[in-house]
Amino acid sequence: MSDAAATASSAAPIVIERSLPETPLCDVMGGASRWNVPIHEHGFIALVDAMPRLVPEGLTADSAIVQSARVSYGQGTKMVSEDRGLVRYLMRHHHSTPFEMVEFKFHIAMPIFIARQWIRHRTANVNEYSARYSIMPDRFYRPSIDNVRKQSKSNRQGGEGPIDAGTAEEFLQLLENAEANYQKYIELTEKGVAREIARAVLPVSVYTEWYWKCDLHNIFHFLSLRMDPHAQIEIQDYAKAMYELIKPIVPVACEAFEDYRLNSMHLTGLEIDAIRTGKPLATENKRETAEWQEKKAQLGL
Ligand SMILES: Cc1cc2nc3c(=O)[nH]c(=O)nc-3n(C[C@H](O)[C@H](O)[C@H](O)COP(=O)(O)OP(=O)(O)OC[C@H]3O[C@@H](n4cnc5c(N)ncnc54)[C@H](O)[C@@H]3O)c2cc1C
């Protein structure tokens, strides 16, 4: 094509052809502006939008997964022609992109020590409240006395069971002392100390907020890590609420997620050999052996 022809075609007006839906559509959030779940004393997780937001009446947002998968599989593929079967097949076989066609946007308020864990999930889009721009609200996370946990002996990262009441009270008092800095923070910002530096006196129990948008494939990854008992209980509480918020919108994908991810088990080559031969796991590694014991108990072996 000559340069002259290319210029002529790019100068042509762009025509948008708008099509009306073939069937009536319904809102997957039932017309609501947000679905909110309060978490702990000051936190929340609210679903504020979804894609697809409108789906054919009688269907769920699972239809977007099916629609995109059918581009590659074709309508006529008999083995996977049924929608639920197709979604389950895609989940079982670790297909990712059809699940990425569904997205959810949340508004979340959580303590900064939870936000630190959450932000590690790099596949989401995030916009956070700015403590350089605005004063941090007076909201701090305080566990209930039963939730002041003992350091776990078996899991160096975790806590297990409540510590004795006296020590728990002592800890809660310490938290209260840290929160007392808030008044000074307000006073000093009023005296002109920049908010970006004044915030350094606030403990990580102070709440932040953000909008967090992520596709369903990566939400499932987030949920499988953060609903797991190895994750910190406080972030588990958010993850479980997030799961309840999306379940009515993508029930078929969630059912498949439970069957093939959440309640499934990965077996290593060594573990398969141990089952096959009936011999102990061929490793001296204590952690790996303990993990195998856990799996055997789950399998009733
Ligand atoms: C129980 C638990 C304990 C943890 N403890 C620690 C800890 O002690 N210290 C610590 O630092 N972290 C810790 N983490 C965080 C953890 O290591 C991960 O950073 C976090 O879970 C995010 O996982 P992800 O990278 O798979 O997720 P995402 O960032 O959402 O990424 C999803 C997937 O996308 C791909 N991906 C995304 N970005 C890239 C990239 N740049 N390059 C290549 N692939 C990419 C990867 O396949 C990844 O699995 C912990 C997490 C859990 C659940």
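I began with the radius of gyration, which is taken over C-alpha atoms, the globule rule being 2.2 Å times the number of residues to the power 0.38. For this predicted model, I noted that a compact globule of 301 residues would come out near 19 Å, whereas the protein has 25 Å. I then looked up the box that the C-alpha atoms fill along the principal axes, and found roughly 75 × 70 × 45 Å.

**Overall make-up.** I recorded 13 helices and 9 strands in the protein. Of its 301 residues, 23% count as buried. I also looked at contacts between residues at least 6 apart in sequence, and of these 67% join residues at least 24 apart.

**Domains.** The domain assignment gives domain 1 as 18-139 + 207-264, domain 2 as 142-204 and domain 3 as 267-301, and I wrote down 31 Å between the centres of domain 1 and domain 2, taken over C-alpha atoms. The contact between this pair takes 10 residues from domain 1 and 9 residues from domain 2. On the side of domain 1 that touches domain 2, I listed 6 nonpolar residues, 1 polar residue and 3 charged residues.

**Two helices.** Helix 6, residues 165-179, has 15 residues and reaches 21 Å from its first C-alpha to its last, close to the 21 Å expected at 1.5 Å a residue; I found it hardly covered, with a count of 0 buried residues. Helix 11, residues 251-262, has 12 residues, yet its end C-alpha atoms are only 14 Å apart, short of the 16 Å that a straight helix would reach. In helix 11, I noted Val252, Ala253, Cys254, Ala256 and Phe257 as buried.

**Ile249.** I placed Ile249 in the loop between helix 10 (233-246) and helix 11. Ile249 counts as buried because 23 other C-beta atoms lie within 10 Å, and the cut-off for buried is 20 or more. Leaving aside neighbours within four places in sequence, I found Ile249 in contact with Val28, Ala50, Thr60 and Ala61. I also looked up Phe104, which is 145 residues from Ile249 in sequence and 9.9 Å away in space, C-alpha to C-alpha.

**Ala32.** I found Ala32 in the loop between strand 1 (25-27) and strand 2 (35-39), where Ala32 counts as exposed, with 11 C-beta neighbours inside 10 Å. The C-alpha atoms of Ala32 and Asp49 are separated by 9.3 Å, although these residues are 17 apart along the chain.

**Backbone geometry.** The peptide bond from Met51 to Pro52 is cis, with omega near 0°, and I located Pro52 in the loop between strand 3 (43-51) and strand 4 (54-56). His40, in the loop between strand 2 and strand 3, has a positive phi of about 55° although it is not a glycine; I have it as partly exposed, with 19 other C-beta atoms within 10 Å. His94 is not a glycine either, and has a positive phi of about 60°; its place is in the loop between helix 3 (83-92) and helix 4 (97-100), and I noted it as exposed, with 9 other C-beta atoms within 10 Å.

**Ligand shell.** Which residues surround the ligand? I listed Arg120, His121, Arg122, Thr123, Gln157, Asn218, His221, Leu225, His230 and Ala231. I recorded the division of this shell as 2 nonpolar, 6 polar and 2 charged residues.

Key. Residues are numbered from 1 along each chain as its sequence is written. This is a predicted model: local features need pLDDT of at least 70, side-chain atom pairs count only at pLDDT 80 or more; totals for chains, interfaces and linings use all residues. A residue is near a molecule or strand if its C-beta atom, placed from the backbone, lies within 6 Å of it. Ala, Val, Leu, Ile, Met, Phe, Trp, Tyr, Cys and Pro count as nonpolar, Asp, Glu, Lys and Arg as charged, and the others, Gly among them, as polar. Helices (H or I, at least four residues) and strands (E, at least two) are DSSP runs, numbered from the N terminus. The expected span of a helix is 1.5 Å times one less than its number of residues. A residue is buried if 20 or more other C-beta atoms lie within 10 Å of its own, exposed if 12 or fewer, and partly exposed in between; C-beta atoms are placed from the backbone. Domain bounds come from an automatic or database domain assignment. Two residues are in contact if their C-beta atoms, placed from the backbone, lie within 7 Å.
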